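Let me put the structure up, and then we can walk through it together.

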Amino acid sequence: MKRFSCDEVVELVTAYLEGELDETTRCLFAEHLSGCEGCARYLGQIRATADALGALGASGPGAGGEPSRPPSDGLPQSARERLLAAFREHRRS
Amino acid sequence: MESFADGGLPPDDVVVAALRAGDEAMFATLLDTWSRGMLWLARSHVSTNDSAQEVVQDTWLAVIRGIDAFEGRSSVKTWVYRILVNTARKRGVRENRVVPWSSAFEHESPTVEPARFQDADDLLPGFWKDAPAAWPTPEGEVLATEMRGLITKALAELPHRQRVVITLRDVEGCTSEEVCEILEISPANQRVLLHRARAAVRGRLEEYFETAGRSA
Ligand SMILES: [Zn+2]
């Protein structure tokens, strides 16, 4: 039976997390992981990365980040005010 | 509203009814929840941040005008993001900036440095030579703030398509189905882009922890 090497496993982590691996591949993947600390750690770190990105979203626009960067923190306050005004205006008419 | 994350939004029918009733707080919540992801997405089609902001503003204006006619054939979020993509594409064409979304070239190279694995002459080719080190558990406000800055920077450095997918999926919390529908890409393509993006951001975090560990 085929055995995965680590360099194959690291390319499968996202498919694994997405639940997209077929039964056989998933079993081989899990088997490799149970015997390989490096890959188990790699998977954990990919999960941690996704969680950290999620925390970035949960922190809400305006929290952290630098204003000079490409759009990282939502619309500027002035644009936000204009859109809220447009919403009020449209609803009234 | 306790959270700006998508989990904090009420179901679509409640959102639509509130918008139609002129509930400004609901509109503001959507604006604050989705605009950042929308800016990233817009930015991948147009050439400047200012252009991207205009695309996002135009999208919200179209939402204001269109909400009465919204038929609920997709989720509100997908509907809004689809308007965005169409608006951004039109503008991108005007700016002569067309980003091919369906190309498959990104499948090719490995996402982890090949030198970190044993090569053909070694005992276990393809197995770790330089396995990942354990990461410290991120605790404390300083580290959290530093991590946020680091991740924002890592996102900014990604190729556009990867950045858009990882922002929609991991930052904004879209499902893979939503992302495929919004961007009109295949599930396989979506997965490859997400995979490459996560691997790249993980690599940044790893570098950061290694440096931090050495200087500690
Ligand atoms: Zn392994």
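Let's begin with contacts in chain A, counting pairs of residues at least 6 apart in sequence: 45% of them join residues at least 24 apart. Please keep in mind as we go that this is a predicted model.

What is chain A built from? It has five helices and zero strands, so if you read along the sequence you get the pattern α-α-α-α-α. Chain A has 93 residues, and 43% of them count as buried. Its accessible surface comes to about 4,800 Å², with 49% of that belonging to carbon and sulfur atoms.

Now for an annotation. An unreviewed UniProt entry labels residues 6-40 of chain A "domain: Putative zinc-finger". The label comes from that record, and it may be inferred rather than shown by experiment.

While we are on chain A, let's talk about cysteines. How many disulfides does a search of the whole structure find? Over all chains, the count is zero. Take Cys27(A): the nearest cysteine sulfur belongs to Cys39(A), and it is 17 Å away. A disulfide needs the two sulfur atoms within 2.5 Å, so Cys27(A) is in no disulfide.

Let's move on to chain B. Here the secondary structure comes to eight helices and zero strands, and along the sequence the pattern reads α-α-α-α-α-α-α-α. Of its 216 residues, 50% count as buried. For contacts in chain B between residues at least 6 apart in sequence, 68% join residues at least 24 apart. The accessible surface of chain B is about 10,200 Å², and carbon and sulfur atoms account for 53% of it.

Where are the domains of chain B? Domain 1 runs over 12-94 and domain 2 over 111-215. As for how they meet, 16 residues of domain 1 are in contact with 15 residues of domain 2. The size of an interface is often given as the accessible area lost when the parts come together. For these two domains of chain B, that buried area is about 1,400 Å², 60% of it on carbon and sulfur atoms.

Chain B has a UniProt annotation too, again from an unreviewed entry: "domain: RNA polymerase sigma-70 region", covering residues 35-91. Over those residues of chain B, the chain is 75% helix and 0% strand, and the end C-alpha atoms are 18 Å apart.

I'd like to finish with one residue that links the two chains. Find Ala52(A) on your screen: it lies in helix H4 of chain A, which spans residues 37-58. Which residues does Ala52(A) touch, leaving aside its neighbours within four places in sequence? The contacts are Met147(B) and Ile151(B), both on chain B. And why does Ala52(A) count as buried? Its relative accessible area is 17%, and buried means under 20%, so Ala52(A) falls on the buried side of the cut-off.

Definitions and conventions
Residues are numbered from 1 along each chain as its sequence is written. Chains are lettered from A and ligands numbered from 1 in the order in which they are written. This is a predicted model: local features need pLDDT of at least 70, side-chain atom pairs count only at pLDDT 80 or more; totals for chains, interfaces and linings use all residues. Side-chain values use heavy atoms; hydrogens and water are left out. Helices (H or I, at least four residues) and strands (E, at least two) are DSSP runs, numbered from the N terminus. Buried means under 20% relative accessible area, exposed over 50%, partly exposed in between (1.4 Å probe, protein chains only). Contact means heavy atoms within 4.5 Å. Accessible areas come from the Shrake-Rupley method with a 1.4 Å probe; for residues, only the protein chains shown count as cover. Domain bounds come from an automatic or database domain assignment. Buried area is the accessible area (1.4 Å probe) that two parts lose on being put together, summed over both.
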